[in-house]
Amino acid sequence: MELCCLTGMEVDSESRIDSSSADRTSRSSNLESLGLTHSKLAYDGNFIRSASGVLMVGEIVFGLFVWTLIGGTEYLHVPALRWVMFVSVFYWVLTVILFLLYLITLHIRITWIPWNILGMCFHGSATVLYLSAAVMGTLSLNVANRGRYYFICWVASTIFASLATLCYAGNTAVNFKSWRSKSEDT
């Protein structure tokens, strides 16, 4: 009796496998009829070890420190720190998105976007705006009293904003070199 049940279970599991593969095939044909294909996203571990990947990790980490240090204080009373907060959060979110796009090699699949030029413009604008944010953060230090909690956080955020500026400038140079080498090849 147990043998019959076991064979019955095997048939049921085989029929489930057959029906699930039929469902996948019908889903694939539906995607193809819409002009879409499904593909597996690839993870590019070499990107993290590249100069651009290391600099982007620095941009993400330093940018995170900037906005968390400022966000923990009463920065709304200082207009310059609102600008620093805007720049740091804005570019942090965009850098995380761009980092993930590079990490899953989406930049290889989307060929109509000039990724080197996009990276150069993105990192160049981030360099300029982060530099202005670091300068404004430095100028706003006279609002806080030395030795107080806010002063220490604002000093640390200014240092991290300067480090993020250096990372963005370095990544701009890396993207420029990559763009230049590809334009010389053609």
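The largest pocket of this predicted model holds about 450 Å³ of space. Its lining comprises 21 residues. Closest to the pocket centre are Y102, H107, N116, S178 and K182. By class, 11 of the lining residues are nonpolar, eight are polar and two are charged.

At least two residues each come from helix 3, helix 5 (106-109), helix 6 (115-139) and helix 7 (149-185). Helix 7 contributes the most, with six residues.

Helix 3 also packs against helix 4. Two packed helices are described by the angle between their axes and the distance between the axes. For helix 3 (residues 51-71) and helix 4 (residues 79-103), the angle is about 145 degrees. The axes of this pair lie 9 Å apart. The crossing of helix 3 with helix 4 is left-handed.

On the helix 3 side, the contact is made by G53, M56, V57, E59, I60, G63, L64, V66, W67, I70 and G71. Helix 4 answers with L81, V84, M85, S88, V89, W92, T95, V96, L98, F99 and Y102. This contact has 16 nonpolar residues, five polar residues and one charged residue.

The mean pLDDT is 80, and 74% of residues reach 70 or more. Over residues 1-25, the pLDDT is below 50. This stretch has zero contacts in the model beyond near neighbours in sequence. Where pLDDT is low, the predicted coordinates should not be read in detail.

How values were computed. Residues numbered from 1 in each chain as written. Predicted model: local features only at pLDDT ≥ 70, side-chain atom pairs only at ≥ 80, totals over all residues. Heavy atoms only, no water. Axes fitted to C-alpha atoms, helices over the stretch in contact; angles between N-to-C directions. Helix = DSSP H or I, 4+ residues; strand = E, 2+ residues; numbered from the N terminus. Left-handed = near helix turned anticlockwise from the far one by under 90°. Contact = heavy atoms within 4.5 Å. Nonpolar A, V, L, I, M, F, W, Y, C, P; charged D, E, K, R; others polar. pLDDT = per-residue confidence, 0-100. 1 Å grid on protein atoms, 1.4 Å probe; cavity = no way out; pocket = protein on both sides within 12 Å on 5 of 7 lines; lining within 4 Å. Points joined across faces, edges and corners; volume = space filled by probe spheres on them.
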